[in-house]
Amino acid sequence: MWVIIKIDQEWRLLEAGMVLTVEPGLYIPADCKTVDEKWRGIGIRIEDDILVTAQGYEVLTSGVPKTIAEIEALMQAV
């Protein structure tokens with residue numbers, strides 16, 4: 001499967017050496033009435049930086065904590 005991106009109004013295939021950021025996120029507005037009050041005003045985003053290689057890809061941020069347990073352990077160590 002070929003993935004294409006738009007650069008300067010031109011569509012291009014991904015090439016070795018390109019880096020992408022994947023940023024899934026969840027943001028709940030402070031005034032959102034459809035969720036419990038304890039969840040209002042929070043945001044969660046877990047990013048990964050991906051290097052396109054000749055063989056496929058490499059996740060540059062693979063060592064970054066992402067699970068709840070990993071993040072809590074990191075915060076306790078600070």
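**Exercise 1. Threonine 61 and its surroundings**

Threonine 61 is buried, its relative accessible area being 14%; the task is to state where threonine 61 is found and which residues it is in contact with beyond its sequence neighbours.

*Solution.* The model is predicted: local features require pLDDT of at least 70, side-chain atom pairs count only at pLDDT 80 or more, and totals for chains, interfaces and linings use all residues. Residues are numbered from 1 along each chain as its sequence is written, and side-chain values use heavy atoms, with hydrogens and water left out.

Step 1. Buried means under 20% relative accessible area, exposed means over 50%, and partly exposed lies in between (1.4 Å probe, protein chains only). With 14%, threonine 61 is therefore buried.

Step 2. Threonine 61 is found in the loop between β7 and α1. Helices (H or I, at least four residues) and strands (E, at least two) are DSSP runs, numbered from the N terminus.

Step 3. Contact means heavy atoms within 4.5 Å. When neighbours within four places in sequence are left aside, threonine 61 is in contact with Glu47, Asp48, Asp49 and Lys66.

**Exercise 2. Salt bridges**

Determine how many salt bridges the count comes to, and describe the pair formed by lysine 66 and aspartate 48.

*Solution.* Step 1. A salt bridge is a side-chain nitrogen of Lys or Arg within 4 Å of a carboxyl oxygen of Asp or Glu. By this rule the count comes to three.

Step 1. The side chains of lysine 66 and aspartate 48 meet in a salt bridge at 2.9 Å, N to O. Lysine 66 lies in the loop between β7 (56–59) and α1, and aspartate 48 in strand β6 (residues 48–53), so the pair ties together parts that are 18 residues apart in sequence. Lysine 66 is partly exposed, with a relative accessible area of 23%.

Step 2. Glutamate 47 forms a salt bridge with arginine 45, and the closest N and O atoms are 2.8 Å apart. Glutamate 47 is partly exposed at 30% relative accessible area, and arginine 45 is partly exposed at 45%.

Step 3. Glutamate 15 and arginine 12 also meet through their side chains in a salt bridge (2.9 Å, N to O). Glutamate 15 is partly exposed, with a relative accessible area of 39%; arginine 12 is partly exposed at 30%.

**Exercise 3. Strand pairing**

Identify the strands with which β6 pairs, and describe the two faces of β6.

*Solution.* Step 1. Two strands pair if DSSP finds at least two bridges between them. Strand β3 (residues 19–22) and β6 run antiparallel and are joined by four bridges; valine 22 has aspartate 48 as its bridge partner in β6.

Step 1. β6 and β7 also pair in the antiparallel sense, over four bridges. Leucine 51 has glutamate 58 in β7 as its bridge partner, and a hairpin joins β6 to β7 through two residues.

Step 2. For β1 (residues 4–7) and β2 (residues 10–13), four bridges join the antiparallel strands. The bridge partner of lysine 6 in β2 is tryptophan 11. β1 and β2 form a hairpin with two residues between them, and aspartate 8 in the turn has a positive phi of about 50 degrees.

**Exercise 4. The whole chain**

Give the order of the elements from the N terminus on, and decide whether the chain is more or less spread out than a compact globule.

*Solution.* Step 1. The secondary structure comes to one helix and seven strands, and the elements run β-β-β-β-β-β-β-α from the N terminus on. The radius of gyration is 18 Å, well over the 12 Å that the globule rule gives for 78 residues, so the chain is more spread out than a compact globule. The radius of gyration is taken over C-alpha atoms, and the globule rule is 2.2 Å times the number of residues to the power 0.38.

Step 1. The C-alpha trace spans about 45 × 35 × 20 Å along its principal axes. Buried residues make up 10% of the 78 residues.

Step 2. Among contacts between residues at least 6 apart in sequence, 30% join residues at least 24 apart.
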